[in-house]
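Biologist: I should like to learn how to read the features of a protein structure. May we work through one together?

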Amino acid sequence: MATSTSAPAIAIGFREPEPGVPWLTYFLLAVNLVAFAVEVSVGAGVETADARTLVAIGANFPPLTLHGEPWRLATAMFLHAGVVHLALNMIFLFQVRTIERMMGRSRFAAIYVAGGLCGGVATLLFGHAAAASVGASGALFGVVGAYLAWFVVRRKRMDAETFAAGMKWVAGFVVLNAVYAVATPRIDLSAHAGGLVAGFVLGAWLAAASPGRGACVRAAIAAAIGIAIATTAVVALPAPTLERVYAWMGRAGELAGELATLDHATATTFDGLHVPPGELAAAVERDVVPPVRAFRAEVVAARGEVPEAHRALLDAIVRVLDAKLAWYGDLTDPARRYLAAGDAKAKREALMDVARELDAVAHSEAERQQ
């Protein structure tokens with residue numbers, strides 16, 4: 001699978017508003033740093049995070065997010081694809097501590113949450129089904145959207161110099177991030193757009209409220225709206241099948257998706273066999289083995305149809321199928337049943353090879369399509 005990161009939100013400085021300690025910003029910085037430490041501790045990598053590890057610990061991966069794991073929309077906001085990705089986003093988060101002071105802690109928190117969640121929803125809607133998306137940029141773009149809305153709604157309360165300075169900062173932010181996105185492959189622009197739009201809409205609504213209890217209530221409602229949008233999305237959107245996820249890689253990807261489907265189907269069939277021990281071998285040979293053998297022949301035949309760089313993936317798939325067939329054979333033969341554990345281990349190792357080759361193919365295809 002390819003890893004689709006949110007582009008680090010590059011910022012330029014702007015004047016400090018009123019004094020105060022932006023504790024929420026510092027708390028978010030700490031959470032992101034702790035999350036990165038967890039990534040490294042589980043083997044995600046420091047310079048460039050491994051896509052499979054990111055998915056395992058909470059990246060926004062559509063086939064899983066839309067298939068019973070909606071919490072990924074939240075956890076993905078605190079994961080990053082390497083130390084550079086983290087550093088640039090954290091530098092920007094530190095810079096926008098001034099927006100927390102301007103808007104107030106409750107409204108800043110609401111926008112951060114809603115922007116991050118809506119950015120993740122935009123990824124589900126418009127991002128690539130095979131990409132795992134991580135990064136705080138959706139939330140940070142939400143903050144920028146709210147900052148822009150704040151200036152637009154409260155234009156009449158500001159002097160011309162303050163308004164011009166705010167607009168100049170927003171323009172610089174947009175231009176710098178647009179240049180970065182064009183120059184950097186595998187950027188999840190949908191998360192940026194989703195966060196920015198959500199931040200602007202909710203920020204305009206919050207900016208219209210007067211300070212005090214009403215503002216806090218509106219902030220709570222804004223956060224609830226973001227959560228409601230995310231909840232609706234994961235319930236209403238169809239989960240992409242593995243075949244669709246891998247199909248963009250071409251024929252090799254299609255076969256990888258079919259392997260996952262076949263593995264599940266044959267396991268279900270095998271578990272459903274309720275026959276006397278003496279009839280197990282015949283039942284497996286009749287009901288379980290034929291589709292595995294047919295698919296193996298299909299994979300072998302396809303080897304000449306795929307690019308040379310994809311053939312190692314097909315070879316790994318064949319090793320999985322061979323180990324699967326050997327496991328069935330040993331399991332149903334009393335004289336060889338003790339060998340079944342070795343076959344199961346061989347299958348697990350071959351599946352790891354498939355995962356590694358899928359990652360390599362996905363990365364090469366993602367770079368080619370940029």
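Modeller: The dialogue below moves from the whole chain to single pairs of side chains. This is a predicted model, in which local features need pLDDT of at least 70 and side-chain atom pairs count only at pLDDT 80 or more, while totals for chains, interfaces and linings use all residues. Residues are numbered from 1 along each chain as its sequence is written, and side-chain values use heavy atoms, with hydrogens and water left out.

Biologist: How many helices and strands are there in the protein chain?

Modeller: Helices (H or I, at least four residues) and strands (E, at least two) are DSSP runs, numbered from the N terminus. Here the protein chain has 17 helices and 2 strands.

Biologist: What span should helix α10 have?

Modeller: The expected span of a helix is 1.5 Å times one less than its number of residues. Helix α10 (residues 189-207) has 19 residues and should span 27 Å; its end C-alpha atoms are 26 Å apart, which agrees.

Biologist: Which residues of α10 are buried?

Modeller: Buried means under 20% relative accessible area, exposed over 50%, and partly exposed in between (1.4 Å probe, protein chains only). The buried residues of α10 include Ser 190, His 192, Leu 202 and Leu 206. In the protein chain, buried residues make up 48% of the 370 residues.

Biologist: Which parts does the pair of Asp 263 and Lys 324 tie together?

Modeller: The side chains of Asp 263 and Lys 324 meet in a salt bridge, at 2.6 Å from N to O. Asp 263 lies in helix α13 (residues 251-271) and Lys 324 in helix α16 (residues 311-331), so the pair ties together parts that are 61 residues apart in sequence. Lys 324 is buried, at a relative accessible area of 5%.

Biologist: Is Glu 100 buried or exposed?

Modeller: Glu 100 is buried, with a relative accessible area of 4%. Its salt bridge partner is Arg 105, and the closest N and O atoms are 3.4 Å apart. Arg 105 is partly exposed, at 44%.

Biologist: Which residues are linked in a network of salt bridges?

Modeller: Such a network links Arg 251, Glu 254, Glu 298 and Glu 305.

Conventions:
Salt bridge = Lys/Arg side-chain N within 4 Å of Asp/Glu carboxyl O.
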